[in-house]
Amino acid sequence: MQPLLRRIGVIAKNTFREAVRDRILYNLVLFALLIIAGAILLGELTDGQEARTIVNLGLAAMLFFGAFIAVLVGVGLVSKEIEKRTIYAIFAKPVTRSEFIVGKFLGLAVTLAVNVVVMGVGVSLALLYVGGHDLAWSIWPAVFLIFMELTVVTAVAILFSSFSSPALSALLTFFVFLIGHFSTSLREVAQGLGSSGAKFFFDAIYFLLPNLSHFSFATNASHGDVPPWTMLLGSSAYAIVFDIVLVAITVLIFRRRNFK
Amino acid sequence: MTRTGKLRESLPILCLVAAGLISAAFLTAYIERTKPPLPEGFGDDDLSMQGARLKGFAFGMEGLLADWYWIRTLQYVGDKLVNTKLEVLDLEDLRPLNPRLVEPYLRNSTDLDPHFMAPYSYGAIVLPSIDKQKAIELTQKGIANNPDAWRLYQYLGYIFWKLGRYEEASEAYSRGAQVPGAAKFLNLMAAAMKSKGGSRETAQAIYRQMYEEGDDTNIKYAALLRWQQLMALDEMEVIDATLAEFREKRGRCPSTLREIVPMLNTARLPDDRDFHLNNNGDLADPRGDAYQLNSSCKVELNAASPLPKS
């Protein structure tokens, strides 16, 4: 068991290193600039509502920057190894295909965790600067939920990249991200249409695809609300279940893949 | 290749890039000059979607969209005020500015985030001068979404008071007073509305409370101006009476208001307030701007004073 975890750990560590070498963390500079500019300018624009707007802006930027990284890096994780033929060197060692996929997923998850934590610290500092001391602490559960959502997006990206080209994988992952957020509303719209076909279709989407609205708490967080433990646990469990399911499917596909 | 050689080789390209950028800047200026202007009403076109329809399609960031509509409201009203061609602007009636998008913006903002208090507060203060019924509806919507926010009952009472509907104002203040943690003055206001709703004293109490207890800088400032305006009206009434007395005794109008300052020492103002002189020794309004004596021997506010003139 221990060597298995060690091997996965090595792949994850290398995936993280690779992301750092690819200057993925540079996005943090852009994020920092956005938040600093926001903190300075919003006081003028929002008439005293700058703390709330920094939370909304910061969490939205965190989600979209994170999703951007998850999609763009996630779809390249496997294909890059195949393209550069480094995958042969990896599999020449005692590493199984499933360990490789799990390691890659965890490596990107760690990269995203670092991103999200640094961005969260940036938002908290901006809030302290504008006097939103309570919000500086209360946003963290919402930040955690964003991270959990990003792990699901990562798993989706890796799944598509296991059988498709990077461009198509990115597009498909983006669609899942969109539908994942809209599925509840689309389902409600379909209920109102009265068409049984539409209802069945949107019900299928609602239950089969990850429902990413389960992780949305930004608007509440801007009021200083903290999600109840039950919601945090439920959403975390939901993310972990979907991560496991998606990574398992990826492993299944990847095991059958011929690299010749 | 030497460094000089490399530079020499790159120079034409660098020159081309620089020339291109300069030409682009000139072309931009040219296009902006020659481009036909948009119709005058363009800035007033409602290009926004309905806030309620965006719900569920905002990636969980409805709050951010609510902020956007809030910022748009402030900019929209600010633009209207800055760009107005009206010489006199009556703050009690902003309809000549045609600010028809204020209510939809505020509605969108509060549809997207029903607990966002700033749009309700702003709507309660600004909307009555545009559309009184919409102001009541927005504040009532705020109360329905935030029944524990006593300040919204205060705003509703304020709107009804402005409309002269003192019974409804009293009821709004009473309901607000029942909210746990509500300010004590709500009970006093409820009683004052019934007994002397239309008096200047009540008006002063309302604006004073809004100023002292408010948490929104915009509203506090607007309330302060109104409160000081009402205090100035009290003072100007006494000054006019003193000017009449002076004229009766001396058969002429004083050359400046300084002449009547000794007579004002015995005059009484509500709440035992005193008249005050500014740094130049002139009789001044509550903000420190000197009162002016007009040709009819009546006192008036200084033209430079920010106090509302109506």
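# Notebook: the two chains

**Entry 1. Helix H4 of chain B**

I looked up what covers the buried residues of H4(B), and the cover includes helix H2 (51-54), H3, helix H5 (117-126) and helix H6 (132-145) of chain B. I take helices (H or I, at least four residues) and strands (E, at least two) as DSSP runs numbered from the N terminus. Contact here requires that the C-beta atoms of two residues, placed from the backbone, lie within 7 Å. A residue is buried if 20 or more other C-beta atoms lie within 10 Å of its own, exposed if 12 or fewer, and partly exposed in between, again with C-beta atoms placed from the backbone.

I note for the record that this is a predicted model, in which local features need pLDDT of at least 70 and side-chain atom pairs count only at pLDDT 80 or more, while totals for chains, interfaces and linings use all residues. Residues are numbered from 1 along each chain as its sequence is written, with chains lettered from A and ligands numbered from 1 in the order in which they are written.

How many of the residues of helix H4 (residues 102-112) of chain B are buried? I find ten of the eleven, so the helix is largely enclosed by the rest of the structure. The buried set includes the charged-side-chain positions B:Glu103, B:Arg107 and B:Asp111, and B:Val102, B:Leu106 and B:Leu112 are also among its members. For those classes I count Ala, Val, Leu, Ile, Met, Phe, Trp, Tyr, Cys and Pro as nonpolar, Asp, Glu, Lys and Arg as charged, and the others, Gly among them, as polar.

B:Asn98 counts as exposed because it has 12 C-beta neighbours inside 10 Å. Its C-alpha atom is separated by 9.9 Å from that of B:Val77, 21 residues away along the chain.

**Entry 2. Chain B as a whole**

I count twelve helices and four strands in chain B. Its radius of gyration is 28 Å, whereas a compact globule of 310 residues would have one near 19 Å; the value is taken over C-alpha atoms, and the globule rule is 2.2 Å times the number of residues to the power 0.38. Along the principal axes, the C-alpha atoms of chain B fill a box of roughly 100 × 55 × 40 Å. Of the 310 residues, 34% are buried. Among its contacts between residues at least 6 apart in sequence, 53% join residues at least 24 apart.

I then looked up confidence, for which pLDDT runs from 0 to 100 for each residue. Chain B averages 83, and 93% of the residues score at least 70. Confidence in chain B is lowest in H2(B), at a mean of 73, and highest in H6(B), at 93. The model scores ipTM 0.73 and pTM 0.73.

Chain A has eleven helices and zero strands. Its radius of gyration is 20 Å, close to the 18 Å that the globule rule gives for 260 residues, so chain A is as compact as a globular protein of that length. The C-alpha box of chain A is roughly 60 × 50 × 35 Å along the principal axes. I find 46% of its 260 residues buried. Residues 24 or more positions apart account for 83% of the contacts in chain A with a separation of 6 or more.

Which residues have the most contacts inside the largest nonpolar core? They are A:Leu59, A:Ala70 and A:Ile146, in a core of 141 residues. Such a core is a set of buried Ala, Val, Leu, Ile, Met, Phe, Trp, Tyr and Cys residues joined through C-beta atoms within 7 Å. Helix H3 (residues 50-83) of chain A gives the most to this core, with 18 residues. Leaving out residues up to four places away in sequence, A:Ile146 touches A:Leu59, A:Met62, A:Leu63, A:Gly66, A:Val116 and A:Phe215.

**Entry 3. The interface**

I find 18 residues of chain B in contact with 21 residues of chain A. On the side of chain B that touches chain A, helix H3 (62-83) and helix H11 (217-250) of chain B each supply at least two residues. The largest share of that side, seven residues, comes from H3(B). By class, the side has eight nonpolar, six polar and four charged residues.

**Entry 4. Positive phi**

Phi of A:Arg85 is near 65 degrees, a positive value in a residue other than glycine. A:Arg85 sits in the loop between H3 and helix H4 (86-91) of chain A and counts as exposed, with 9 C-beta neighbours inside 10 Å. Phi of B:Cys297, also a residue other than glycine, is positive and near 60 degrees. B:Cys297 is in the loop between strand E3 (292-293) and strand E4 (299-300) of chain B, and I list it as partly exposed, with 14 other C-beta atoms within 10 Å.

How values were computed: pLDDT = per-residue confidence, 0-100.
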